[in-house]
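This report describes how one protein chain is put together. Look at the sequence and the structure first, then read on.

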Amino acid sequence: MSEERREAQYPARLKALHWLVAGLVLAVWPLGYFIRFTRDEVKLDFYLLHESLGFLVLWLMLLRVGARLTAPALPDAAPGLEGVVARAVHGLLYLLLVVMPVSGFLATNAHGFPLSWFGLIPIWSPIGKAPEIAPIFSAIHAWSAWILLASFALHLLGVFYHHLIRRDSTLFRIL
């Protein structure tokens, strides 16, 4: 690896959190989408797994935000408008990866289903059963899921653009 690539790399803790969250999201998002197609006798098991993994994403994202705030700043990979778009997409991804699990957690609590993390640890509900606000949290969760998917697609387009068209070292910063 060239000296330039080594200097521009993210710290190992940020790389690990990036790929761990990415892997979990690639499992949690489709799991949440396909719950509606599961048989009733296994639906609650799918919800438990989806919610438990989503709650894990929340905590990993909070760690990631803390790690990002304490990591030395890397130089921008792209100047001008391209850099603005890249920062906006990254900011949106960070925001959504906190809003989604929080809104999902609050929605299930408001619908009257408290979270038992992986069926082992009961998680305190800040709102309890509140059917009057449950649809609001559910809508926030659903809309943020679709916006997350679009943001993820933009993120991937940026990765492909940098790696295949510009042929720069942007991708190597996170590998």
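## Contacts along the chain

Among contacts (heavy atoms within 4.5 Å) between residues at least 6 apart in sequence, 73% join residues at least 24 apart. The model is predicted: local features need pLDDT of at least 70, side-chain atom pairs count only at pLDDT 80 or more, and totals for chains, interfaces and linings use all residues. Residues are numbered from 1 along each chain as its sequence is written, and side-chain values use heavy atoms, with hydrogens and water left out.

## Elements

The protein has five helices and two strands, in the order α-α-α-α-β-β-α from the N terminus. Helices (H or I, at least four residues) and strands (E, at least two) are DSSP runs, numbered from the N terminus. Along the principal axes, the C-alpha atoms fill a box of roughly 55 × 25 × 25 Å.

## Buried residues and cores

Of the 175 residues, 36% are buried, that is, under 20% relative accessible area (1.4 Å probe, protein chains only).

A nonpolar core is a set of buried Ala, Val, Leu, Ile, Met, Phe, Trp, Tyr and Cys residues joined through side-chain atoms within 4.5 Å. The largest one has 23 residues, of which Val21, Val25, Val57, Met61, Leu97 and Leu148 touch the most other members. Helix 2 (12–34), helix 3 (40–70), helix 4 (80–110) and helix 5 (134–166) each give two or more residues to this core. Helix 2 supplies the largest share, seven residues. A second, separate core has eleven residues, including Phe105, Leu106, Ala110 and Ala134.

Key: Buried < 20%, exposed > 50% of the residue type's maximum accessible area, 1.4 Å probe, protein only.
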